[in-house]
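Please read the following report alongside the sequence and the coordinates. The overall form is treated before individual residues.

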Amino acid sequence: MIPYGKQDISEQDIEAVTEVLRSDFITQGDQVPIFEKSLTDYCGVAHAVAVNSGTSALHIACLALGVGKGDWVWTSPISFVASANCALYCGASVDFVDIDSRSYNMSASTLSKKLAVAKTHGCLPKVVIPVHLAGQSCDMENIKHLSEEYGFSIIEDASHAVGGRYLDDKVGSCQYSDVTVFSFHPVKIVTTGEGGAALTNNDSLAKKMAAFRCHGITRNESDMTEESHGPWYYQQMSLGFNYRMTDLQAALGASQMHRLDEFVQKRHHLIRRYTESLSSLPIVLPWLSENTYTASHLYIVRLKLDEISLSHRQVFTRLREEGIAVNLHYIPIYKQPYFESLCVEYGPCPNAEAYYQEAISLPMFSSLNEKDFSFVVKTLQRVLNEPPIEP
Ligand SMILES: *Cc1c(COP(=O)(O)O)cnc(C)c1O
């Protein structure tokens, strides 16, 4: 099977991890701060808090921003469930802002309209979580303007977007947000096996997130409520978690960061090859905004179903039968039974509904070779021209 995404591990990465295995500390040593520095240096941001998953990073970001019971958090329906679950963990309610029909990211104009209505009902969101789908940044300038007008905080879910840019800045610079979150799951651009990070320019948020990562414990005497009992002393100041990243993971991450630009360049090479090869097919290719340089985590096409004799599901199944592990990113989150059970009147999200009927993610990863790439293109050309399948 040719997967839709896959990690790219070098001998140097393996050496970096085995070196840690031979050292004194395989967790809570010096590798996490080194990895965090590689992220802050790369993104041009003040702080990075590395954790054990992107989901944990979203959770501590919500907690640090004070999300709790009675609050609303809004995100994109076309995302992984973690973008919404992080708010539910904090006892808040979630709603969804429909996507833009070109970028498939949260639409800033729909957000603007939804905010105006929410204001009249007194239920404005505390936090909005735009998701940079496929690695292309949302319209952060407009979302930031709206945050100033309506007083909400912004967490960028940049799980797909490390290595990307928005206007003059790297995604992760937090020029347009309070916190930016990355995921380092193996299908993402850079991997630590499992892992994530929350980035911010705000000292106080950084401190809170670092505490939530480690049980809410401080060893810093200036943060304590009474004098230290001795060198063993620590205080638990809030209810935190064990969301720490190990040194094994951080060493892998720091080693991978050396090749981040190369990974993204290879992904852009594939974008160009796909554009050359697929332009005449009955599909809509990804729209690339001139304000962004996508990290190109996913390559999502939409089927022009009225020009194809097979159904969306049949095309998907045929490609899988041919050995191409296409995927669908994503099922609108509010369609999940758990979200339905919460009895919230979500959206409405007609653009997300239409997208879900037509989208398919083709293979996109830095080590996709020319032979497999050609096979994907040829197979797609053939399947899209197949006669109808008799029911
Ligand atoms: C992968 C992903 C997450 C969660 O990241 P994990 O590291 O798997 O916990 C969150 N949001 C989006 C958009 C993702 O793709």
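## Basis of the description

This is a predicted model, in which local features need pLDDT of at least 70 and side-chain atom pairs count only at pLDDT 80 or more, while totals for chains, interfaces and linings use all residues. Residues are numbered from 1 along each chain as its sequence is written, and side-chain values use heavy atoms, with hydrogens and water left out.

## Overall form

The protein contains 13 helices and 15 strands, where helices (H or I, at least four residues) and strands (E, at least two) are DSSP runs numbered from the N terminus. Its C-alpha trace spans about 80 × 60 × 40 Å along the principal axes.

Of the 391 residues, 55% are buried, a class defined by a relative accessible area under 20%, with exposed meaning over 50% and partly exposed in between (1.4 Å probe, protein chains only). Carbon and sulfur atoms account for 50% of an accessible surface of about 17500 Å², computed by the Shrake-Rupley method with a 1.4 Å probe, and for residues only the protein chains shown count as cover. Among contacts (heavy atoms within 4.5 Å) between residues at least 6 apart in sequence, 72% join residues at least 24 apart.

The mean positions of the 32 positive and 45 negative charges lie 3 Å apart. Here Lys and Arg count as positive and Asp and Glu as negative, without His and the chain ends, and each charge is placed at NZ of Lys, CZ of Arg, CG of Asp or CD of Glu.

## Nonpolar cores

A nonpolar core is a set of buried Ala, Val, Leu, Ile, Met, Phe, Trp, Tyr and Cys residues joined through side-chain atoms within 4.5 Å. The largest such core has 78 residues, and within it Ile155, Tyr274 and Leu278 touch the most other members. Beyond its neighbours within four places in sequence, Leu278 is in contact with Ile283, Leu285, Tyr299, Leu362, Val377 and Leu380. Another core, of 27 residues, lies apart from the largest one and includes Leu39, Ala161, Val162 and Val171.

## Buried positions in loops

Pro130 lies in the loop between strand 4 (127-129) and helix 6 (140-150), and Pro130 counts as buried because its relative accessible area is 0%. Leaving aside residues within four places in sequence, Pro130 contacts Met106, Cys138, Met140, Ile143, Ile154, Ile155, Glu156 and Asp157. Ser103, in the loop between strand 3 (93-96) and helix 5 (108-121), is also buried, at 14% relative accessible area, and Ser103 touches Gln136 and Trp287 when residues up to four places away in sequence are not counted.

Ile2, in the segment before helix 1, is buried with a relative accessible area of 8%. Not counting residues up to four places away in sequence, Ile2 touches Gly323, Ile324, Ala325, Pro363, Phe365, Leu368, Asp372, Phe375 and Val376. Ala325 belongs to the loop between helix 10 (312-321) and helix 11 (337-341) and, at 17% relative accessibility, counts as buried. The C-alpha atoms of Ala325 and Ile2 are 5.7 Å apart, although 323 residues separate them along the chain. With the same exclusion of residues up to four places away, the contacts of Ala325 are Met1, Ile2, Pro3, Tyr4 and Arg320.

## Backbone geometry

The peptide bond from His329 to Tyr330 is cis, with omega near 10°, and Tyr330 is placed in the loop between helix 10 and helix 11. The bond from Gly347 to Pro348 is likewise cis, with omega near 5°, and Pro348 lies in the loop between helix 11 and helix 12 (350-356).

Gln28, a residue other than glycine, has a positive phi near 60°; Gln28 lies in the loop between helix 1 (11-21) and helix 2 (31-43) and is exposed at 52% relative accessibility. Ser296 also has a positive phi, of about 55°, without being a glycine. The loop that holds Ser296 runs between strand 13 (292-293) and strand 14 (299-303), and Ser296 is buried, with a relative accessible area of 1%.
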